[in-house]
Amino acid sequence: MTSSTSESAGSFWRTPIVVIVIGCLIAMVGFGIRSIFGLFLEPMTLANGWDRETFALAMAIQNLLWGIGVPIAGAVADRFGPSKVLAFGAVVYGLGVWGMASAESGLELHLFGGLLTGLGVAFTAFSIAIAAIAKVVGPERRSLALGLGTAAGSFGQVVFSPLGQAFIANFGWHSALLILAASALLIVPLAFGLPHITTGKGEAPSDQTLGNALREASEHKGFVLLTIGFFVCGFHVAFITVHFPAYVQDLGLGAEVGAYSISLIGLFNIVGSFLSGAAGQRWSKKCGLSVIYFARAITIGALLLLPKTDVTIYAFAAVMGILWLSTVPLTTGIVAQVFGVRYMATLFGIVFFSHQVGSFLGVWLGGYLYDTIGTYDPVWWAGIVLGLLAAAIHLPIDENPLIRKAPAPAQ
């Protein structure tokens with residue numbers, strides 16, 4: 001009896017709908033917490049006498065460690081199952097945020113808020129939960145399910161953004177971080193509801209090794225282009241997540257406008273992620289990605305050129321929200337469509353590493369340039385150029401599934 005069959009026999013209650021719900025809850029909590037760290041930039045830097053680059057570097061390290069850790073976490077989850085990986089990650093996540101609250105120096109902030117929290121985020125990454133979801137639904141519904149899982153992460157942003165701001169306003173930023181640290185531990189019991197399945201529904205069993213899968217992907221031009229393109233997504237998303245609340249206050253608008261904007265991004269991303277998953281089920285995923293990146297460039301340009309009012313900020317947040325993580329169902333969908341789901345968590349983890357390199361650069365560059373020249377404008381313009389480049393780079397990707405030889409029958 002295979003491990004996949006054994007798992008199914010011992011876990012009859014883990015129906016596709018149960019796995020989808022659990023995976024969505026994990027994505028909601030894990031992504032929701034890390035999406036609101038930008039709310040702490042102003043109060044933490046003022047209270048501790050840090051400049052913005054100090055806080056930005058911690059968030060940049062966090063994003064980089066997130067990117068480095070996700071392929072490792074994905075490989076372990078593909079080999080041994082997602083439950084223990086996610087539970088371990090939740091504990092590290094909680095410790096990192098707790099340490100971030102207690103940091104008294106920039107170095108401590110970088111170690112706890114950057115290194116430890118980054119590893120915790122990596123080992124609770126929504127990509128691990130999404131990979132588990134992908135394996136319990138057939139190819140005919142997979143893109144839609146991936147969109148649902150991504151939308152759940154955004155719903156976490158919708159929930160945690162106003163909650164985080166309320167915690168800061170009522171209890172102070174230190175207590176707010178402690179509450180978030182405790183919230184991360186909710187992932188531990190949820191994690192053990194996910195099954196360990198090696199063969200995706202509707203796919204033939206494969207005897208492919210991880211090494212062969214990695215070699216196959218590295219030699220595929222489309223995988224390389226997809227990896228390069230996802231760098232741009234990380235640059236956009238991380239810069240906005242960390243610096244946008246402060247950017248809004250720099251414009252003379254209230255702190256609540258920045259918090260509501262982050263929440264709006266998450267709210268509209270629920271719509272964007274779901275529509276992206278549905279569109280990817282019917283039409284070309286690579287063309288969808290090109291449209292999204294082109295639209296991001298236009299949206300950022302409009303923000304820079306239009307008058308900076310509450311309405312402009314909220315409109316930008318709504319449009320950017322639709323485009324926010326709508327890249328994820330299409331990017332993960334291409335990985336699953338071309339290479340299958342056996343090593344999906346590992347392969348998407350590699351693509352995601354590029355995303356986090358972009359995140360590191362976007363977050364750190366934002367803080368550095370602001371402290372140096374007093375404005376975020378060069379980063380915004382860089383985001384426009386990168387968006388246009390990403391729109392072009394996805395078009396040559398070959399989305400057709402790879403054809404492999406069937407495994408030899410057992411003697």
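These legends describe close-up views of a predicted model. Local features need pLDDT of at least 70 and side-chain atom pairs pLDDT 80 or more, while totals for chains, interfaces and linings use all residues. Numbering starts from 1 along each chain as its sequence is written, and side-chain values use heavy atoms, without hydrogens and water.

**View 1. The tilted pair F244 and F316.** The ring centres lie 5.4 Å apart, with 35° between the planes. Rings of Phe, Tyr and Trp (its six-membered ring) pair if their centres lie within 6.5 Å; planes under 30 degrees apart are stacked, over 60 edge-to-face, the rest tilted. F244 sits in helix α12 (residues 221-250) and F316 in helix α15 (residues 310-323), so the pair ties together parts 72 residues apart in sequence. Helices are DSSP runs (H or I, at least four residues), numbered from the N terminus. Both F244 and F316 are buried (under 20% relative accessible area; exposed is over 50%, partly exposed in between; 1.4 Å probe, protein chains only).

**View 2. The stacked pair W364 and Y368.** Centres are 5.2 Å apart and planes at 15°, so this pair is stacked. W364 and Y368 are 4 residues apart in helix α17 (residues 344-373), about one helical turn. W364 is partly exposed at 25% relative accessibility. Y368 is partly exposed too, at 34%.

**View 3. An aromatic cluster.** F239, F244, Y247, F316, Y370, Y376 and W380 form one cluster. A search of the whole structure finds 15 aromatic pairs.

How values were computed. Helix = DSSP H or I, 4+ residues; strand = E, 2+ residues; numbered from the N terminus.
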